[in-house]
Amino acid sequence: MARDAEVQAIRLRGPPGGVAAILPLPPSAGAIVQVNLSLPSVNWPSAEARATINRLGVGEVARLRLQLPRGTPPGTYSGTATVAGQARPIVVEVESQVRLQMHPKRARLAVQPGGDTGFEVTVANVGNVTVELPRVAAFGVYEVGGLDRAIGQAFRAELGPEERRADRLVDELRAGHGGLVRVAVERGSGPLAPGEVRELGVRLELPKGDLVPGRSYSGVWSIANVNYWVGLDVAGKANGSGSARRSP
């Protein structure tokens with residue numbers, strides 16, 4: 001015999017900002033469900049918690065959604081929900097959520113080929129798990145407008161007897177690559193707990209032979225869930241608008 005639907009636990013899953021379940025709920029359930037849930041180590045007003053119901057347009061199928069504090073640790077929590085005037089057990093499975101926010105959201109720097117430069121950025125852990133901020137990293141940079149430049153140069157170029165235009169295009173694209181930028185977090189690396197805010201002191205070591213004076217490059221420093229945009233304006237005079245190909 002099937003279990004009575006009224007005593008089956010409602011199981012919600014997801015990140016803290018939106019644990020949810022899809023299940024049949026009678027129209028008498030209304031749009032709001034009162035929830036009583038005990039969560040450790042977070043400021044959680046369980047007596048006032050309410051889940052929302054969104055009807056999905058087919059029969060009694062609905063989405064039940066509960067928003068928990070962002071810092072709610074991953075884990076399984078039990079409680080009750082009052083649905084259509086009746087109490088039902090609920091089980092909430094909170095998933096891990098890696099979520100950093102950084103300010104400012106990007107960096108633009110004037111640089112010298114082969115030199116180094118630094119900047120500061122504030123990082124906040126607004127997820128529910130500790131994030132390790134690495135001390136060293138690296139990312140590649142590419143010339144701003146390099147793709148358009150490479151295509152134009154490749155199509156306008158006079159080819160040698162055995163040179164193919166596709167090969168010339170690859171050469172031009174390769175010339176737009178500015179090399180590898182090395183990242184050293186000199187201040188602030190290490191574990192960052194949920195709710196913690198820290199200022200990072202970042203130093204970049206720049207490639208020497210790949211950055212063309214007078215041109216601009218950009219790349220992305222990946223750190224946890226954030227792709228942090230870095231722009232580099234290389235000091236010096238641009239070498240005109242000709243081909244960016246370098247001598248071997």
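Does Arg11 count as buried, partly exposed or exposed, and what is its relative accessibility? At 39% relative accessibility, Arg11 counts as partly exposed, where buried means under 20% relative accessible area, exposed over 50%, and partly exposed in between (1.4 Å probe, protein chains only).

A word on the model comes first. This is a predicted model, in which local features need pLDDT of at least 70 and side-chain atom pairs count only at pLDDT 80 or more, while totals for chains, interfaces and linings use all residues. Residues are numbered from 1 along each chain as its sequence is written, and side-chain values use heavy atoms, with hydrogens and water left out. The pLDDT, which is the predictor's confidence in each residue on a scale from 0 to 100, averages 82 over the protein chain, and 76% of the residues score at least 70. Over residues 1–6 the pLDDT is below 50, and this stretch has five contacts in the model beyond near neighbours in sequence; a contact here means heavy atoms within 4.5 Å. Residues 241–248 also have pLDDT under 50, and for them the model has 24 contacts beyond four places in sequence.

Now for the overall build. The protein chain holds two helices and 17 strands; these are DSSP runs numbered from the N terminus, with helices being H or I of at least four residues and strands being E of at least two. Of its 248 residues, 37% count as buried. Among the contacts with a separation of 6 or more, 69% are between residues 24 or more positions apart. The accessible surface of the chain comes to about 13700 Å², and 50% of that belongs to carbon and sulfur atoms; such areas come from the Shrake-Rupley method with a 1.4 Å probe, and for residues only the protein chains shown count as cover.

Let us follow strand β7 through its pairings. Two strands pair if DSSP finds at least two bridges between them. β1 and β7 pair in the parallel sense over five bridges, with Ile10 standing opposite Ile90 in β7. Strand β6 (residues 75–83) pairs with β7 in the antiparallel sense over nine bridges, and Val83 has Gln86 in β7 as its bridge partner. The hairpin of β6 and β7 has two residues between the strands, and there Ala84 takes a positive phi near 55°.

With a relative accessible area of 38%, Thr80 is partly exposed. Not counting residues up to four places away in sequence, Thr80 touches Gln34, Val35, Asn36, Arg88, Pro89 and Ile90. Thr80 and Asn36 are 44 residues apart in sequence, yet 5.3 Å apart in space, C-alpha to C-alpha.

Next, the charged side chains. Side chains of opposite charge can pair when their charged atoms come close. Taking a salt bridge as a side-chain nitrogen of Lys or Arg within 4 Å of a carboxyl oxygen of Asp or Glu, the count comes to nine. Arg11 forms one with Glu93, the closest N and O atoms being 2.6 Å apart. Arg11 lies in strand β1 (residues 10–14) and Glu93 in strand β7 (residues 86–94), so this pair ties together parts that are 82 residues apart in sequence. Glu93 is partly exposed, with a relative accessible area of 22%.

Asp233 and Arg108 also meet in a salt bridge, at 3.1 Å from N to O. This pair links strand β17 (residues 226–234), which holds Asp233, with strand β9 (residues 106–111), which holds Arg108, 125 residues apart. Asp233 counts as partly exposed at 26% relative accessibility, whereas Arg108 counts as exposed at 53%.

The salt bridge between the side chains of Arg215 and Glu143 spans 3.7 Å, N to O. Arg215 sits in the loop between β15 (197–205) and β16 (216–223), and Glu143 in strand β12 (residues 136–143), 72 residues apart. Arg215 is buried at 6% relative accessibility, and Glu143 is buried at 4%. Elsewhere, salt bridges that share partners join Arg11, Arg13 and Glu93 into one network.

Our last stop is Arg198, found in strand β15. Arg198 is buried, with a relative accessible area of 17%. A polar atom of the Arg198 side chain lies 2.8 Å from the backbone oxygen of Gly188. Beyond residues up to four places away in sequence, Arg198 touches several residues, including Val121, Thr122, Val123, Leu133 and Gly188.

Methods: A polar contact is a pair of N or O atoms within 3.5 Å; within protein, one must be able to donate a hydrogen and the other to accept it, and residues adjacent in sequence count only if both atoms are side-chain atoms.
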